Every structure is written in C-alpha cells, then in structure tokens.
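This report goes through a structure chain by chain, from overall dimensions down to single residues. Please keep the sequence and the 3D view at hand while reading.

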Amino acid sequence: MSKLELTRRGLLRTGAVAGAGLAMPTVFASRASAFTNEPKGGVVTLGFTIPLTGPYADEGNDELKAFQLAVKHLNGEGDGGMLSTFSSKTLTGAGILGKKVAFVSGDTQTKPDTARATAKSMIEKDGAVMISGCSSSAEAVALQSLCQEAGLIYMVGLSHSNDTTGKDKKRNGFRHFFNAYMSAAALAPVLKDMYGADRAAYHLTADYTWGWTQQASMQAATEAIGWKTVANVLTPLASTDFSSYIAPVLNSGADVLILNHYGANMVNSLTQAVQFGLKDKMVNGKQFQIVVPLISELMAKGAGPNIRDIPGSSNWNWKLQDAGTKAFVQSYGKEYGAPPSQAAQTCYAQVLLYADAVARAKSFNPCAVVEALEGYKFDGLGNGPTEYRAADHQCFKDCLVVKGKDKPDNEFDTLEIVQVTPTAQVTYAPDNKMFAGGDLGQCNPGA
Amino acid sequence: MLGLGKKDLTFLLIVLLLTLAAPILLNPFAEGSAMAQFNAGYPDLMQRIAIFAIFAVGFNILFGLTGYLSFGHAAFIGIGSYAMVWMLKLLTMNILPGLILATLMGGAFALLIGFVSLRRSGIYFSILTLAFAQMSFNMAYSVLTPITGGENGLGPALGDPRVLDAAAANGTIPEVNLFGLSMRATYELDLAGRVFQFNAGYYVCGLLSVFMFYLALRLFRSPFGMMLRAIKCNQHRLNYTGLHSRPYMLSAFVISGMYAGLAGGLMAAMDPLAGADRMQWQASGEVVLMVILGGVGTMLGPVLGAGFIKYCENIFSKINDHVLHEWFSIFPKWLENLLVTIVHPFVGQGWHLTLGVLFMLVVIFLPGGLIEGGQRIGRLIRRKPDAKGKAAATTPAE
Amino acid sequence: MDALILQTLNGLDKGSAYALIALGLTLIFGTLGVVNFAHGTLFMIGAFCAVTLQRLLSLSQVTIDPTKKDFLGNALKVKTPYIEAWFGKDAGAAIVNWSVPLSILLAIPVMLVVGFVMERGLIKHFYKRPHADQILVTFGLAIVLQEVIKYYFGANPIPTAAPTDFAGSIDFGVWMGFPPNDIIYPYWRMVYFLFSVVVIGAVFAFLQFTTFGMVVRAGMADRETVGLLGINIDRRFTIMFGIAAVVAGTAGAMYTPINSPAFTMGMNFLVLSFVVVVVGGMGSLPGAVLSGFLLGILESYASMNWIKDVIPGIDQIIIYVIAIIVLLTRPRGLMGRKGVMED
C-alpha cells in the first residue's frame, strides 16, 4: 500500500511558480497492491462508523447490532438471516471470496469531523477495505467524499437528504436508504386520501440542509395534490422548546402542520404541538392534522402516545410480510430480544449487498465493486424488487407510508403500515432539479 | 542560537527529534498482536495531535500567560478551515496560500472579537467570547450555508475553478499537495513485524507545529511575555504604573487567534472538508481541557494534553465487546464474561465516561496537569531529598 | 398585538426554566463561591427522577397469554402493573397518570442527597482552588453523571406525559376579546409557570424572612465576619447547596412533559443558563430571575415571522446578541456587584 503520488503536472506547474519545488527522492519502496487496503491473507476487515455517543446513540447501537449480525451470517454462524432469501446466491456463509470477515467499529459522535477521523483510522491503521454506517446526512456526505478520496467503497447507513445521492453524490458511495423526495412522493397521495385536497399547510423546518430539502420536497408534493402552503418557518437547530413557533400556527389559517424535524427535535416539537391541543382543534371547518414526513421506530418510541394517528413515511418496517423481512426479524429478534429498526435493516442489507458485489466481481477492488453494484437488480432483502440506479447510486424500491398506531398491543407495536407505495410512484429522473448539480466522477481505487 | 538559551535549545531539539521519530515511537506493538489496538502511529491521528498541539500552544499564550479564559477559540479554527477550503476551491490545491490566508483570517477575526471582548475581564470575558463563537457556529450551520456548506460542510468539488491549477483530468479532484508533494503520500517501512507509516501530511503538520512551538518559546521568554505574565499577576497594579495593558492583551489574543486559524487551515488541508461542528462550544471546551490536563502555563503541557485527549478519543472508542472477548478469551468462560461486563461501560460507547473520570482525577489530584504528574514521578525516582530540589519547588514570592 | 401577547406568554414559561436554573446556579455561586458546571446535570437528574418514578410505578407482573403471539411467534407476555393489582385498576391508572407531579416527592429527597454528596464529597475540596479548577472538576463530573444516566436509560428521549387532566390549552384570546384560537396556551405550561413563581417566591422568602436565611445572606456578604461570630457558616452553605440542587431538580422533573428527558438536556441548558446568570450579574439572585425571564421573552419575540423576515436567523443568535449588548453597556450584567468574578 503506497499512497505516494507526486502529480507530475502539478509539480512542474507550481514548482515553476515557486521557483524551486520541493524535490523528493523517488526511490520509495512499497508493498505492491492494486488498490487501497487490498486484503492479504485469510481475513478481510470492514469498518463500521456509528454514533455511540451523543443524541443518536440508540440508532448507532441498532446499526452496530445489525452489522454484527451481518458479519456473523457472512461467516456462516447463526441462522443465516436474509442470506437464504436474497435473490443472489453467491454468499454461502464462507466469508467473502473465502476470506473470513472481521470488523472494526468506532464512534462518530454524529459529527462529520469525528466520523472522518474514525474512518481514517480504520483505513490507515486497521486496513479496512470498506466503510459503512452513519446516522445523519452530514456524516454520510463527509464519509462519502473521504472514501472517494481514499479509494474505498462507502455503503451509506441512515441518510435521508436528497444531497447524498444528488449534489454530493460520489462514484464510490452507495445509498440503500430512501430520501426526502421519495418520502414526499409516497406520502402526498395518502395525505390526499386521508385529509382531502383542500388543505392549507404550515411548515416548521429545522434550519439546516436536511430540513430544507425535506421541506422543499414536501411543499412540491403537497402543492401537486392541491394543498396550499401558508408559511414555512425555520426553527433553530439548538431548539428544545418550540412553543413560540407552534403557538401562531392556529390563527394563521392553516389546518395541517408539517414538522420537518428529525430525532430529538421531532420528538420535542411533536410532543409540544400535541400539548397545545392542536390535534383536537377545528380550523376552516376541518379537523386540524399533524404530519411528520420521516418517522422511525426509535422516534416513535420517544414520542410515546403523541405519535398516535400521525402519518409519515419509512424505508422499511418489521411488520412487512415478505420472506426476507420475516427471516431477518426472526434472526435479529432471537439475537437481541427486540424487533429491528429501519436503521438496522438498511445497514444489514448494505453489508450483504457489498459482500455479494465483491463475490460477483471476484475482487475487492472498489472499481470492480462499483461496476457490480451499478444498475444491479435484486430482491429478498425486505424491500421487494430493488435496483441500484447507475446514474446516482440510489436504491429504487417500494416505500412505506406509516402512521402511529392508535392502540398498541405491546411496546414494539408503535407504527402500523398504511400503504406500500410502489417503486414507480417514487422514481424520479436523475436530473430532477432537487438532485441537480452533482457529479459522480470517476471511481477511485486508491493506490 | 536561534535566540534561545542553551537549555531551551536542547529542549527544542528534543521536541524536534520526538516529532520526527513519532511514526516509530507511537507504533511500539507488532501488527496483529493483541496490543496493536493501542498503536497510535498512523497518519491521521499523528496529524491531529500535531494540529491540536498548535491550537493548544496558541491558546496557552492567551490563557497560560494572561489568565484570560476564552470559551470561543473554536471559532478561529472554523474560520481558518473555511479560508483554507475556499483557497483550495478557487486558487490551487497547493496548501500554501490557504495556510497563509487561514492564519491571517484567524488573526483578523481575533482582532475583531478581541477588541470587543477584552473590554471585560473574568467570567464576563469568557461569556463574551462564548457568545461570539456560538453565534458564528449557528450562522455557519444555517444562514451562511452558501459560504460554509452548512450541515454538509464545505469541500473541493469537481466544478471548482482552481485558477492556478491545470484542469482536473479524468473526473477526479486533484490531491491536496504542497508544491506537488501529495499530503496523502505515505512511505511504509516493514520492520520486525511492525509497519511504520511516514506520511508527508504528518511531516508538514509536525514541522509546522515545531516551528510554532519555537515561536511560542521565544514569546514566553521575551519582554512581551513578561508583560503578559504581569497582567496575570495583577492587572490593576500594572495599570497604576501608567502602562496601558489592553494593547498587550489584544496582541496576545490576536496571536493565539492566528495559531488557531493556522491549526484550522491545517485541519482542512489534511482533510479537505470543513464542517461547522468544529466551531461548537464543545470544541472550545476541548482545548481548555487539553491545556489544563497537560499543565497550564507550561511549554510542553498543552502538547501533552492535546496528544492525550486525541489518543483517548481515537483509541478507546474503537474497543467494542468483540475486541474485549478476544482479549479475555484466555480466561475461563465465566471469568471472561465477568471481565467484559466490568470493562464494557468504560470503552467503546462509554469512552466519554473514561475521559470524564480520568479528567476529574487529574483535576483533583494533579492541579498542575500531566506535567506536574511527570515531575512528581521524576522526583520519586530520583528519591534524593536534596535541598536543591526543594528550593526549586518553592515558588518565588509574588 | 395578539401575536405579542402570545409570544410574551410563551416567553414566560421558557423564562421560568431559565430563571429556575439560573437561580440555583447563583445560590451556589453566591454562598460557596463555586462556579458549578454540573448544574445543568442536576436539572437533568431531576428530570430522570420523573422517569424513574414512572418506571417504578409501571413495574409489572408478567403473565403469559398463550392466545396471543409476540413478534417472534412465541406466546405473548402480558404485563400488569403491580400498582393496578394493589389499588384496583382505576386508582392505579390514576396514580400512574399523575406520576410527573408526584415525582417532585421523589425528586426532593434524591436531589438533597445528591447535593449533599456532591458538596461534601467533591466541591468542599475546591473552595480554595481557582475558579478554573472548579469549572473543570464540575465539568468532569457533569460528563460522568451524564454518561451514567445514558448507560441506564439509553440515549433516546423518554416520553413522560403530564396528567391527562392538563391536556389541551386555554384560549386566552377569547377572554380578551380576540377571536378563538388566537392566543392559546397549554394548561401544563401554565402549571409550570405558576410552579416556578412559587419556587422562586419560596426561595426569596426563605432567605428574607427566616433566621437561617438571614445568616446565609450575612455569610454571602461577608463570610469571614460571620464565622468570627461563632456561627458555623459552612454547614448552612452545605444546606444551601442542597436547596439549590432541589430547585434545579424539581424544575427538571416538572419540565419533562414539555421536553422529553434525554441525557443531553443538562448540557443543552448549561451554556444558556450561564449566559443568563452572567447577563443578570454574577451573585445577584434578583438579577438571575430577571434576566431569565427577559431572555425567555426576547427569544420568543425573535421567533416571530415578521422579525425573522427582516433579519434572517435572528432567533438563532438573539440570546448571544443580547448578552453582548448587555455586557458592553452594563459591565457587570444587569444587577451584578463590583469585583465579583472579574479576575
């Protein structure tokens, strides 16, 4: 592994500008390898970057559990989980390409800086050949660009922003999770059925990139079904008390409140909106409604009874009845005593997809893996027939519209599935204006 | 030589040698052994230690000499980083212009913030600096997104002009370099089962940090440094002598701001993505922790503190249950499980707990930081109840 | 006009939380001269007293119901809270429903103990040490306590609802002649505001009208002289530390329905509460309360749409802008004394 690169043209050019360049001897020895961290010997190491401290530590824990399970299954331990339902049969439980799978995990603190530091240590010290996991779009974008520079594959974890496979997409990065556009596209028709076409929406939006893309997607989709947009109010990211933003909603003439918040922000804003009694009010002769575009099981758990009857969208839910989901829930439930969250499912699927791509390409070389994944169609990982689109490395699959369950049977019974939105309805053109401005670039194998 | 006394010169040479040999010294355990987990000799961590050493040494010029505790120094790190990335985007992937601009921008903002904040002292000064830094962070994260990249951060992209560089070939962003020498260039030496990585980026950071260390050393020994110490001792008495102390304070603030700006620039040069997170108050708090943990007011203390915290952050957080089970697998199963249960809360996801406990222990028992700890151990080893040692230990009357 | 009234109301309850934390912080600083960075953590521990009580009350007997299946297809385990088994279904449910107000009864002794242990075990040894050391050791303690809470309760916010009797909101506007739904205010926030007024009043009355309070005030003014008079001021200050912890803890417990408790909430309030204290003036109790409410109300005003249209993002930075303005025009905050914490 040698990363010594004297770009000759740059040397000549800047050297000339500066008078005398810093001449470096070129007699460096190096261990020959075709790409970054080419696995030698019988073991291949994967790196999992997850938030273990900070507000998203619970998501991180779920991701880690899923990664551990996936590694177990790849190595032929346990019941094999989704290996048996996966449409590709290259994975037999004998590791990847006959190499035993090992992994390192590290904390990202949900901060892009720390995430990159952790990933770099995995690359430079532990010899990881692939990086996966994250719990925010900022981390996803940061890790994706790092892996592009270093010449590794990055399999995105939990990232919902349009930018990850839009403005900031990279050739070496792949996203299985759905995005803000898909959320809105899946949600809008259901909202029309539930609340009618004559509605006025008031948006509360977290004041940063993800919030903005989520809001723009929702506004476009709801206006397409005839809703009006009364206002879009940005809320500071450090807010824990949203009362001064929620209080003016009722006399604004709006009869739907859309909360473009995530995680603890969403738990607090929803709890406070319910506390204001918004759900019981009548406005414009209609029952007032609250919508949360992105809902996860962990957020639903945090919001408790306040989430009841609130609609939103999810990437996946353990109550789905396909063979892949059933196998995964059985396997995960036996291991950890609770059903998996959507974060766990997407991370598990990403590891399997990577391993399978390596097996099909018969090489760990990132460029070969990229080739194997681009345009790849598969099934049996819980989301139905899915395609990794070559143009932007986004997975296209069915999305779920869910809502908070009214009378839960048990502690895991927080959400119910309203509708499985078919792939065609959430598909968009790669040059859609919400995703414009990015460039995948060339694949980089490092070395 | 270099304007230093003989003792200081030896000191500086030792620091230089340690910096040059760090890739070897920090990699004491053979690859593949159970202890390899604790190796720190890989480029990213070494770069970070060097960068934070610059930051902490600069902070120490303000806090250690004048006693003014700033809670907003992370803002200068962020400003330096953004300046660097903008240079990488607009001008050239060569880091030199960026480093210069980052230092200047750090200084300029420090002048602005310092001019206002230094009108107050004590905790009022701390809160003013904190307020400015938090404002910068909040704005950078949301309102200023077009300039700072907001949540996603700011990094070089394929479509950037880069007027001094040749057009990017074959759809890849050119590597960050110094006159053609890529910052990622690493020479690996395989020796006795250990792999030593000599990385160009690290040597840039390391040599710069030694140079900045040298400048700080000169400053500590200069009349200007003496004046700053006088401010710490008794600012009122100083004012009564007819000296206007605020210009001195402001210079110290600006100098430490420039150190922070340079550190921010280097951070972005080693890893060209600048996020707003590095401006948050926790980041400002971290540098305070580093300086105090190492030993405030000492030369080497801040460097030690920076190394210690970065080491913990990167090494402890990576120890998961899997690793623990591997370590303890030589014991019987019940003992293995027991040991894992005991150790588990302190590593991996619990590394913050370890840091908190360690930190409290140091503050309680070693007020002078790790440096004092080292001195105490040194005295224990020598075990010479000589009068000379005692005389040195008693502080001169104030 | 109605918008202004609305935002004033919103500011009042935001301000109550700030004022309660700042009050405790100032009590500790004024009596013991210690800058307590772990004070936000005390607020958080108080909130988790409410969570703990909720958990204790819903401790359940597990019976297996073979007719239903859980998600793995095994027989479902049905949980019945013991409390419902003991007091009957309705009374038991009512007790669980009222767990947040009841948690004050748990929070008071717990916080007293936490306060005493903290003061006697740790802070006591730091009276003679520099302020920087105090800040650091309490900061370290805050990290440790926060991580311990996270270890036992997880990182996700935990839903803790107010009693259902307080669900919904009052329509203030109708009283004042505005159309319905113009000025609404949730019942629980009303309760919280009243609660904070009572607590603040009680603390001031305690200091003003009891002998104990008089001695403490004398000690705050001149510790040495009070000591020379043969009064054991240390013990009283320890008790004041306990009281400050109780104020923070009960404030946290009552705040849980507004803000679902998570282990990060202490640190979230820490920086803000320091700004509040400094704006009020270090060591001044009325200053702390005044600036708590002032900043709460101004923060609410800044979130109004037409103000945000004029200055985008003003609600992100308003607190800091005010802090800067106040500190530059009034050197020691609104009501600070000379010479306190200026070196």
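## Burial and the basis of the model

A residue is called buried if 20 or more other C-beta atoms lie within 10 Å of its own, exposed if 12 or fewer do, and partly exposed in between, the C-beta atoms being placed from the backbone. By that count Gly78(B) is buried, because 29 other C-beta atoms lie within 10 Å.

This is a predicted model, in which local features need pLDDT of at least 70 and side-chain atom pairs count only at pLDDT 80 or more, while totals for chains, interfaces and linings use all residues. Residues are numbered from 1 along each chain as its sequence is written, and chains are lettered from A and ligands numbered from 1 in the order in which they are written.

## Chain B as a whole

Chain B has 16 helices and four strands, where helices (H or I, at least four residues) and strands (E, at least two) are DSSP runs numbered from the N terminus. Its radius of gyration, taken over C-alpha atoms, is compared here with a globule rule of 2.2 Å times the number of residues to the power 0.38. For the 398 residues of chain B that rule gives 21 Å, and the value of 23 Å is close to it, so chain B is as compact as a globular protein of that length.

Taken along the principal axes, the C-alpha atoms of chain B fill a box of roughly 70 × 65 × 45 Å, and 53% of the 398 residues count as buried. Two residues are in contact if their C-beta atoms, placed from the backbone, lie within 7 Å. Of the contacts in chain B with a separation of 6 or more, 73% are between residues 24 or more positions apart.

## The surroundings of Gly78(B)

Gly78(B) belongs to helix α3 (residues 74-90) of chain B. Leaving aside residues up to four places away in sequence, Gly78(B) touches Ser136(B), Ala140(B), Gly264(B), Ala276(B), Arg278(B) and Met279(B). Phe137(B) is 59 residues from Gly78(B) along the chain, yet the C-alpha atoms of the two are separated by 8.4 Å.

## Chain C as a whole

Chain C comprises 15 helices and four strands. Its radius of gyration of 22 Å agrees with the value near 20 Å that a compact globule of 343 residues would have. The C-alpha trace spans about 75 × 55 × 35 Å along its principal axes, and buried residues make up 51% of the 343 residues in chain C.

## Two helix pairs in chain C

Helix α2 (residues 39-57) of chain C packs on helix α6 (residues 131-153) of chain C at an angle of about 20 degrees, with the axes 10 Å apart; axes are lines fitted to C-alpha atoms, for helices over the stretch in contact, and angles run from 0 to 180 degrees between N-to-C directions. Angles under 35 degrees count as roughly parallel, over 145 as roughly antiparallel, 65 to 115 as roughly perpendicular and the rest as oblique, and α2(C) and α6(C) are therefore roughly parallel. Residues of α2(C) including Met44(C), Ile45(C) and Phe48(C) meet residues of α6(C) including Leu145(C) and Ile149(C). The residues of this contact divide into eight nonpolar, three polar and no charged, with Ala, Val, Leu, Ile, Met, Phe, Trp, Tyr, Cys and Pro counted as nonpolar, Asp, Glu, Lys and Arg as charged, and the others, Gly among them, as polar.

In the second pair, α1(C) and helix α11 (residues 233-255) of chain C pack at an angle of about 170 degrees, with their axes 9 Å apart, which makes α1(C) roughly antiparallel to α11(C). The residues of the contact of α1(C) with α11(C) comprise 16 nonpolar, two polar and no charged.

## Where chain C meets chain A

The contact takes 38 residues from chain C and 39 residues from chain A. On the side of chain C that touches chain A, α1 (2-32), β4 (184-186), α8 (187-209) and α15 (314-329) each supply at least two residues, and the largest share, five residues, comes from α1(C). The residues of that side divide into 17 nonpolar, 15 polar and six charged.

## Positive phi in chain A

Leu97(A), although not a glycine, has a positive phi of about 50 degrees. Leu97(A) lies in the loop between α2 (57-74) and β2 (100-107) of chain A, and counts as partly exposed because it has 15 C-beta neighbours inside 10 Å.

Gln109(A) is likewise not a glycine and has a positive phi of about 55 degrees. Gln109(A) is found in the loop between β2 and α3 (112-124) of chain A, where it is buried, with 24 other C-beta atoms within 10 Å.
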